[in-house]
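Subject: Structure handover

Hello,

Here is the structure I said I would pass on. My notes follow below it.

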Amino acid sequence: QEQLVESGGGSVQAGGSLKLSCSAPEHILRSCKMAWFRQAPGKEREGVASIFTAGGGTYYVDSVKGRFTISQDNAKNTLYLQMNSVKPEDTAMYYCAANSRSRYMPLDPKEYNYWGQGTQVTVSS
């Protein structure tokens, strides 16, 4: 099937690093636009980063530029989010997602049709 499964979340102190992984079928990684979203309690889901290898593009929300890096390794069937210099405001459930549709709005959750169940990231001061 086409289920996406996140891992790598946990608790980390501000300024530290964390690397999230999302296991995905190869055909998803090769054909779909991929993204990481996050949602904090009581807040709307927001796009964090997106990548579309076929189109050669990556996108980041302003708040994580220079700190987070999205990448994928098709040989390992994995999408990654490297999180460096984390801040307390990065605390949220992080979700990976895939968009198999034609339209591409990189950080818009409404455009993604495949989702994982999320992995929690908690950053302490």
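The largest pocket is lined by Arg38, Gln39, Ala40, Lys43, Glu44, Glu46, Glu89, Thr91 and Ala92. A pocket here is an open set of points on a 1 Å grid over the protein atoms alone, where a 1.4 Å probe fits, with protein on both sides within 12 Å along at least five of seven lines; lining residues have an atom within 4 Å of a point. Five of the lining residues are charged, two polar and two nonpolar.

This is a predicted model, in which local features need pLDDT of at least 70 and side-chain atom pairs count only at pLDDT 80 or more, while totals for chains, interfaces and linings use all residues. Residues are numbered from 1 along each chain as its sequence is written, and side-chain values use heavy atoms, without hydrogens and water.

There is one disulfide (cysteine sulfur atoms within 2.5 Å). Cys22 and Cys96 form it, with their sulfur atoms 2.0 Å apart. It joins strand S3 to strand S9 across 74 residues; strands are DSSP E runs of at least two residues, numbered from the N terminus. The link is right-handed, with 55° about the S-S bond. Cys22 is buried at 0% relative accessible area, buried being under 20% with a 1.4 Å probe and protein chains only. Cys96 is likewise buried, at 0%. Cys32 is in no disulfide, and the nearest cysteine sulfur, that of Cys22, is 11 Å away. Cys32 is also buried, at 5% relative accessibility.

Regards

Definitions and conventions. Ala, Val, Leu, Ile, Met, Phe, Trp, Tyr, Cys and Pro count as nonpolar, Asp, Glu, Lys and Arg as charged, and the others, Gly among them, as polar. Helices (H or I, at least four residues) and strands (E, at least two) are DSSP runs, numbered from the N terminus. Buried means under 20% relative accessible area, exposed over 50%, partly exposed in between (1.4 Å probe, protein chains only).
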